[in-house]
Amino acid sequence: MIKHFFDFAFVQGKWAQNVLLSISADGTINDIVSNSPAGDAVKHRGYMVPGMPNLHSHAFQRAMAGLGELAGPSDDTFWSWRRVMYDFLQHLGPDEFQAIADQLYMEMLKAGFTSVGEFHYLHHQVGGAPYSDRLEMSHRVIAAAEKTGIGLTLLPVLYSYSGFGAQTPSSGQGRFINDVDQYLALVEALNTASKEKAGVCIGVAPHSLRATSQEQIKTVLDVVSADMPIHIHIAEQMKEVDDCIAWSGQRPVEWLANQVELDERWCLVHATHVTEAEIKTIATAGAVVGLCPITEANLGDGLFPVNQFMNEKGSWGIGSDSNINISSAEELRTLEYGQRLLHQKRTLIAEPGRSNGDYLYDAACRGGRRVLNPGQKAGLQIGTVADFVILKDDHPALIGKKPSQILDGWIFAGNNEVVKEVFVRGKQVVNDGHHIQEDSIKERFQRVMTDLSHKL
Ligand SMILES: [Zn+2]
């Protein structure tokens, strides 16, 4: 048993004092007690908060960050960014992919993310032929998580079509394509391969309504176990909504809710363009909306009506999606600022009288955990994984603040440099702001990126 002691810790959405945390050998919390003496525990300076789940990532896209910013025509949208992505994928093999994923997951840990939902659709070789081991690229995701120490929910993606109504995929999509039988074999093989791996969970992910069919979604749902997370991109751009209406007469969320039984296992990624009725449907079902505010801002997607959704007691979490910038604080800040700019008001999301930072952080932690590890309890309590972050008490954004102002200081006045130490399943992976394998990971990433820059 390892024991840690904190003067202040954010436990179950509230600040507690003199907190003693006991961790079992398997990395789960054996006990957590406030107003306790330190005894023989390791004493930490700073403020302890639970680790933030990152519910949506495409690892390889970290290497494209900044490459999609060449100004295009005035009607430039997500779809022009996607063309940059397809070009980039002509040059990415397994070794390059893993170097990028190592770097990315290290950056996530340094930003206070302790687990990630990897929405993984880069299955095949350049040109679309399968690797001799069909799990090759999935193994690389798992290896990156193991190397860096981040908790992983691997979401192999079913991607079969290029548009609503089972349209033939384009040549740029060759690396993503599986039919449903190939996909289910992949999921089963990954379930077997990850069974003994601590910190790795497998889910399923129909890419979107435009890249899968009604029959495929039903076939997948028929065979997945009751505790597997189910993630899907939905209603991210208006083009997708319009195409869905033209195809089915219904909006994307409306269509999905009429086809499947939405429940707490579902993560609806983006759900940017939803009606009041769709908001109610998602909230009532207990599905989680996966918000990716930095990416959604970068791609010009639009704003999810999060304040209306919270009024319906809806659950949401945050993801870094395109990985253009890795910052849990900035994801939450962007989410809040989007609503303020839209409504020309302040503090629209939190309940009156509560700290915005406390409210946003707690809600995102709970929603994220729910769809990365369905059935597991969220936050810091007995039986959950000991994922936690210690914030610097001597950072300018935190100096002189009361505990109830600490998360406001980090989210609205600070950034990743506020993060001092990070523990995943009780093991320390970031110390004094540095990852324990930072130099070797960064050096390999630099080499790969330099080589790639000559090919692009
Ligand atoms: Zn995505």
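Asp432 sits in the loop between strand 16 (427–431) and strand 17. Its phi is positive, about 50 degrees, although Asp432 is not a glycine. Strands here are DSSP E runs of at least two residues, helices are H or I runs of at least four, and both are numbered from the N terminus.

This is a predicted model, in which local features need pLDDT of at least 70, side-chain atom pairs count only at pLDDT 80 or more, and totals for chains, interfaces and linings use all residues. Residues are numbered from 1 along each chain as its sequence is written, and side-chain values use heavy atoms, with hydrogens and water left out.

Two strands count as paired if DSSP finds at least two bridges between them.

Strand 1 (residues 2–11) and strand 2 (residues 14–23) run antiparallel and are joined by 9 bridges. Within this pairing, Phe8 stands opposite Gln17 in strand 2. Strands of a sheet pair through backbone hydrogen bonds, either parallel or antiparallel.

## Nonpolar cores

The largest nonpolar core has 118 residues. Such a core is a set of buried Ala, Val, Leu, Ile, Met, Phe, Trp, Tyr and Cys residues joined through side-chain atoms within 4.5 Å. Buried means under 20% relative accessible area, exposed over 50%, and partly exposed in between (1.4 Å probe, protein chains only). Residues with the most contacts inside this core include Phe60, Leu256, Trp316 and Trp410. Helix 2 (residues 94–110) gives the most to this core, with 8 residues. Domain 1 (2–50 + 386–425) and domain 2 (52–372) each supply at least three residues to this core. The domain bounds come from an automatic or database domain assignment.

Tyr361 is also among the residues with the most contacts inside the core. Leaving out residues up to four places away in sequence, Tyr361 touches Phe10, Val49, Pro50, Gly51, Met52, Leu332, Leu407, Trp410 and Ile411. Contact here means heavy atoms within 4.5 Å.

## Helix 2

Helix 2 is mostly covered, with 14 of its 17 residues buried. At 1.5 Å a residue, helix 2 should span 24 Å, and its end C-alpha atoms are 24 Å apart, which agrees. The expected span is 1.5 Å times one less than the number of residues. Just after helix 2, Gly112 takes a positive phi of about 95 degrees.

## Salt bridges

The whole structure holds 15 salt bridges. Each is a side-chain nitrogen of Lys or Arg within 4 Å of a carboxyl oxygen of Asp or Glu. Arg444 pairs with Asp102, the closest N and O atoms being 3.1 Å apart. Arg444 lies in helix 14 (residues 438–455) and Asp102 in helix 2, so the pair ties together parts 342 residues apart in sequence. Arg444 is partly exposed at 25% relative accessibility. Asp102 is buried at 2%. Glu438 forms a salt bridge with Lys110, with closest N and O atoms 2.7 Å apart. Glu438 is in helix 14 and Lys110 in helix 2, so this pair ties together parts 328 residues apart in sequence. Glu438 is buried, at 12% relative accessible area.

Arg366 forms a salt bridge with Asp362, the closest N and O atoms being 3.2 Å apart. They are 4 residues apart in helix 12 (residues 356–372), a separation of about one helical turn. Arg366 is partly exposed at 45% relative accessible area, whereas Asp362 is buried at 12%. Salt bridges that share partners also join Asp95, Glu136 and Arg140 into one network.

## Two buried loop residues

Asn323 has a positive phi of about 60 degrees although it is not a glycine. Asn323 lies in the loop between strand 13 (315–318) and helix 11 (328–343). Asn323 is buried, with a relative accessible area of 0%.

Ser213 lies in the loop between strand 9 (205–206) and helix 5 (214–223). Ser213 is buried, at 11% relative accessible area. Ser213 and Gln167 are 46 residues apart in sequence, and their C-alpha atoms are 9.7 Å apart in space.
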